[in-house]
Amino acid sequence: MDIRFFPNNELLNTAAAGLIAHLLQAKPNAVLGLATGGTPVGIYEALIKLYEQQHIHFREAISFNLDEYVGLPETHDQSYHAYMQQHLFSQIDMPETSIHIPNGNAADLQAECSRYDSLLDKVKQIDLQILGLGHNGHIGFNEPDAGLVGGTHIVELKEETRLANARYFDSLDQVPTHAITMGIGTILKAKTILLVVRGADKAKIVHDALTGPITTENPASLLQTHPNLVVMLDAEAGVLFS
Ligand code: F6R
């Protein structure tokens, strides 16, 4: 495990974007596993700058997003489809056909999970999976539970997750109750995982996840088993490691 600490968010964003850029330069057709939420926004901004300066391009790259809310129209500004358009895809040259995000509005959600898994099977392995961390240890929307699921599946969001995400909606009752998420098996199969954690409110959960017992009650703790895990922490999130 390679844990890196950053005194500020700008340096973290530059380092994370640099890692992704390095991969794209070495392997232009890399498969990227992408996350949404507050954590990666600055990383995507830094990546877009590298693209505009022509250090990288996305013409041959392929992307798979971790998750999407169930039942939120793709045009809703809080859907992860809209988020990805806004924060990354509208500003780079990745072909639309290379972009994959689960469809949370599919008539048959189980069939959608299978469809997503078969697309993932086709690429065999994600080269670099970017992860944020939930306050309860979730990665993707794999919530703490007595057991975890390997493949793409539908999940009922925990109250704490809905509360955390309510900041983006007008009220808590507008936050969807369910999501489709890539499973823990797919995440752990990625060649490299980049876990990014920011803020004092996540200092304990990230410390527990990376130094405590490996337990499905803290899904991120399973990352300890990954052979190529890079963790980037800002000063507040990394405070318990010193
Ligand atoms: C997002 C995702 C979630 C978030 C996590 C942290 O695609 O899968 O696991 O990474 O909830 O969210 P933020 O970054 O908003 O604190």
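Two strands count as paired if DSSP finds at least two bridges between them; strands themselves are DSSP runs of E with at least two residues, helices are runs of H or I with at least four, and both are numbered from the N terminus. With that in hand, let's walk through this predicted model, in which local features need pLDDT of at least 70, side-chain atom pairs count only at pLDDT 80 or more, and totals for chains, interfaces and linings use all residues. Residues are numbered from 1 along each chain as its sequence is written.

In strand 2 (residues 31–34), Gly 33 stands opposite Phe 64 of strand 3.

Now for the side chains. In a regular strand they alternate between the two faces of the sheet. Here Val 31 and Gly 33 point one way, Leu 32 and Leu 34 the other, and all are buried (20 or more other C-beta atoms within 10 Å of the residue's own, with C-beta atoms placed from the backbone).

Next come the helices. Helix 1 (residues 9–26) and helix 2 have axes, lines fitted to C-alpha atoms over the stretch in contact, that come within 8 Å and cross at roughly 55 degrees. The contact (C-beta atoms, placed from the backbone, within 7 Å) involves residues including Ala 17 and Ile 20 of helix 1 and Ala 46 and Leu 50 of helix 2.

Key: Buried ≥ 20, exposed ≤ 12 C-beta atoms within 10 Å, placed from the backbone. Axes fitted to C-alpha atoms, helices over the stretch in contact; angles between N-to-C directions. Contact = placed C-beta atoms within 7 Å.
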